[in-house]
Amino acid sequence: MREYIEKSQDLDPKESGKVLYVVGIGPGEYGQLTMKAAAALSGSQIIVGYTVYTDLAREHFPDKEYLSTPMTKEVDRCCLAFEKAGEGRRVSLVCGGDPGIYGMAGLVLELAPRYPQVSVEIIPGVTAASAGAAVLGAPICHDFAVISLSDRLTSRELIEKRLSCAAMSDMVICLYNPSSRSRKDYLSWACEVVGRYRKPETVCGLVRNIARQGQEARITSLKELALIQADMFTTVYIGNSQTGADHGRMITPRGYRYV
Ligand code: SAH
């Protein structure tokens, strides 16, 4: 209990009152931005983020100062946000979806000890897995694993191990970062790994540009999924042995019985 109290005191806002908000802005459309996230953005003077996300925020909060760094400059982006917050400006660092799911929340907290005068508040958002699931139907209504196919920070061997373990345990698998220009064949490779444990007719789904202009969804089989060229704006769902497709909806049953 004492340890808990000490820990929670650590989380108290700093006396300086300087706060950096790490804000999840959801998958794209304004309606999927939480009210707490909207309040943080509206109360900010500066919004920092990767251009795709600052462009989405700018549509609804045009009077803010926007600062961006390129895609691979995540450390610089977080430091920039801390520096501006340290100067006493009200700053939000924006991430797509949820900042704690393949977002900046972890890196911000790792860097936080370098900026002791700034406290950090993380504001969650609707992640691609749940927003895309709602488009397809109910594909992740039972146990599921979320795996990123990006090997920029994780080795291919570890990705393969995680795919195999998830497939072996019959969990629904939700894939983020299924493909990119330099990893064109990764989705088909992932299907091959999963296919060692799952039938070719396993029901799968993909949603591209969730809650953004040009949203597209498709339900298919594991065999067909291996032949599809997905891109980095797509989230992929591989069903478990019970997942079905019914009237154009992908459904993973929880097991309720009814007559
Ligand atoms: N923090 C984000 C995920 C960042 S990783 C979140 O919680 O949603 C980036 C990957 O997320 C993309 O390659 C894609 O697989 C998925 N993604 C994020 N937003 C998406 C969207 N609007 N439509 C489809 N996929 C999306």
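**Ground rules**

I number residues from 1 along each chain as its sequence is written, and I work with heavy atoms for side-chain values, leaving out hydrogens and water. Because the model is predicted, local features need pLDDT of at least 70 and side-chain atom pairs count only at pLDDT 80 or more, while totals for chains, interfaces and linings use all residues.

**Entry 1: the ligand**

I began with the shell. The ligand is surrounded by 19 residues. The closest are Asp98, Ile101, Thr127, Met232 and Thr234.

I then sorted the shell by residue class.

Next I looked up polar contacts. Such a contact is a pair of N or O atoms within 3.5 Å; within protein, one must be able to donate a hydrogen and the other to accept it, and residues adjacent in sequence count only if both atoms are side-chain atoms. An oxygen atom of the ligand sits 2.6 Å from a backbone N or O atom of Met232. A polar backbone atom of Phe233 is 3.4 Å from a nitrogen atom of the ligand. For Arg212, a side-chain N or O atom is 3.4 Å from a ligand nitrogen. On its own the ligand has 540 Å² of accessible area, and the protein covers 93% of this. Accessible areas come from the Shrake-Rupley method with a 1.4 Å probe; for residues, only the protein chains shown count as cover.

**Entry 2: strand 4**

I moved on to the strands. Helices (H or I, at least four residues) and strands (E, at least two) are DSSP runs, numbered from the N terminus. For burial I used relative accessible area: buried is under 20%, exposed over 50%, partly exposed in between (1.4 Å probe, protein chains only).

In strand 4 (residues 91-95), five of the five residues are buried, so the strand is largely enclosed by the rest of the structure. Val91, Leu93 and Cys95 lie on one side, Ser92 and Val94 on the other.

Two strands pair if DSSP finds at least two bridges between them. Strand 1 (residues 18-24) runs parallel to strand 4 and is joined to it by five bridges. Leu20 is opposite Val91 there. Strand 2 (residues 46-48) is also parallel to strand 4, with three bridges. Val48 has Leu93 as its bridge partner.

I traced an open sheet with the order 7-8-11-9-10 and mixed pairing. Strand 7 (144-148) and strand 10 (216-221) are the edges, each pairing on one side only. From one strand to the next, the twist averages 15°. For that angle, axes are lines fitted to C-alpha atoms, for helices over the stretch in contact, and angles run from 0 to 180 degrees between N-to-C directions.

Strand 7 and strand 8 (residues 172-176) run parallel with five bridges. Ala145 is partnered with Ile173, and Ser148 with Tyr176. Strand 8 has five of its five residues buried, so it is largely enclosed by the rest of the structure. Val172, Cys174 and Tyr176 point one way, Ile173 and Leu175 the other.

Strand 6 pairs with strand 13 (residues 249-251) in the parallel sense over two bridges. Gly137 is opposite Met250.

**Entry 3: single residues**

I looked up Ser179 in the loop between strand 8 and helix 8 (186-194). Ser179 is buried at 2% relative accessible area. Its side chain reaches the backbone oxygen of Arg183 at 3.5 Å.

I also checked the loop between strand 9 (203-208) and strand 10, which holds Asn209. Asn209 has a positive phi of about 55° although it is not a glycine. Asn209 is buried, at 14%. Ala211 lies in the loop between strand 9 and strand 10 as well. Ala211 has a positive phi of about 55° and is buried at 10%.

Last, I looked at Lys223 in helix 9 (residues 222-225). Lys223 counts as exposed because its relative accessibility is 54%.

Terms used:
A residue is near a molecule or strand if one of its heavy atoms lies within 4 Å of it.
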